[in-house]
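Hi everyone, thanks for making time for this. I'd like to walk you through one protein model, going residue by residue. Please have a look at it first, and then we'll start.

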Amino acid sequence: MRANYHTHTRWCKHGKGEIEDFIEAALLLGMEEIAITEHVPHKDNLDKCRLQWEELEAYDSALNRAIEVYKGKISVRKGFECEYYPECLEEYRMLKNDLGYEFFFLGQHRSGPNREVDNFKTKTAKDMLLYADEVCKGLNSGYFRFLAHPDLCLLGYAHVWDDVCERVLRQIFSCCESLHIPVEINANGARDDRGYPSRTAFLLSKDYRLQYLINTDAHIPEHMSGQGVEKAKKLASDLDIKVMDFLPI
């Protein structure tokens, strides 16, 4: 890998390691670019397992210092992993315009008007269809540069693969195709055999003209390489999927 655009640190509350630890790991691997992309904070702080809004100033200062320290050694880009919550879009706009966060990407971890559906957990067919609708609305908003773990919704769904799964993933891949939004093959899920990335889902994706990225979704520096990345690469190779080296600026 020449670049990684999905990286979490200890600031996300379920990661370990400082920003610099991940940059150093990327340098040791010969990467040319890394994006530090915590789960975006929200003013309501409803999710305690992420960067909190009152920590944003300290986090942003730490990230800016790291960018300055590593200037000329590696490109360090500022981004956030975000959900599509319409009520938070003004916050995202502020983070971009006022604090210089270059890009946001979509990872729809929860769905529903009250964020009541946890997409990592048990879901009904109705929840699956809601996930697809929200992902596509998010992508159509114009805020997001790529789609993280598009097949996350398969976790907790009672059926291994059925017509609902196919309908959901076709809807998402069709949307990515029409908007020219890259799709992520997630090495974090591959490392732990979580059920994503799904070979069936990515085989289906080949029905569409898509761009692909492999990202580590690292939460500790050691996960910048290793089994998860190798599994993700093998999946892409087995399915003859060409992966982008860099996300265009």
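Let's begin with a histidine. The side chains of H6 and E81 are joined by a polar contact of 3.0 Å. Keep in mind that this is a predicted model. H6 has a second polar contact, 3.1 Å, this time with the side chain of H8. Where does H6 lie? You'll find H6 in the loop between strand 1 and helix 1. And is H6 buried or exposed? H6 is buried, because its relative accessibility is 0% and the cut-off for buried is under 20%.

Now to charges. Side chains of opposite charge can pair when their charged atoms come close. How many salt bridges does the model have? The count comes to 23.

Let me show you a few. K13 and E55 form a salt bridge, with 2.6 Å between the closest N and O atoms. K13 sits in the loop between strand 1 and helix 1, while E55 sits in the loop between strand 2 and helix 2, so this pair ties together parts 42 residues apart in sequence. Both partners are partly exposed: K13 has a relative accessible area of 39%, and E55 has 24%.

Next come E33 and R77, a salt bridge whose closest N and O atoms are 3.5 Å apart. This pair links distant parts of the chain, since E33 belongs to strand 2 and R77 to strand 3, 44 residues apart. Here E33 and R77 are both buried.

R170 is in helix 5 and D207 is in the loop between helix 7 and strand 9, so the bridge ties together parts 37 residues apart in sequence. R170 is partly exposed at 27%, and D207 is partly exposed at 49%. There is also a network: R2, E32 and D245 are joined by salt bridges that share partners.

Finally, the surface. Which residues gather in a patch of negative charge there? They are E20, D21, E24 and E222. Take D21 from that group: D21 is in helix 1, residues 19-28, and is partly exposed, with a relative accessible area of 34%.

One last stop is E230, in helix 8. E230 is partly exposed, at 46% relative accessible area.

Note on methods:
Residues numbered from 1 in each chain as written. Predicted model: local features only at pLDDT ≥ 70, side-chain atom pairs only at ≥ 80, totals over all residues. Heavy atoms only, no water. Patch = residues over 30% accessible without salt bridge, like charges linked within 9 Å, V, L, I, M, F, W, Y side chains within 5 Å. Areas by Shrake-Rupley, 256 points an atom, 1.4 Å probe, with all protein chains shown as cover. Salt bridge = Lys/Arg side-chain N within 4 Å of Asp/Glu carboxyl O. Lys, Arg positive; Asp, Glu negative; His and termini not counted. Charge placed at Lys NZ, Arg CZ, Asp CG, Glu CD. Helix = DSSP H or I, 4+ residues; strand = E, 2+ residues; numbered from the N terminus. Buried < 20%, exposed > 50% of the residue type's maximum accessible area, 1.4 Å probe, protein only. Polar contact = N/O pair within 3.5 Å; in protein donor to acceptor, adjacent residues only side chain to side chain.
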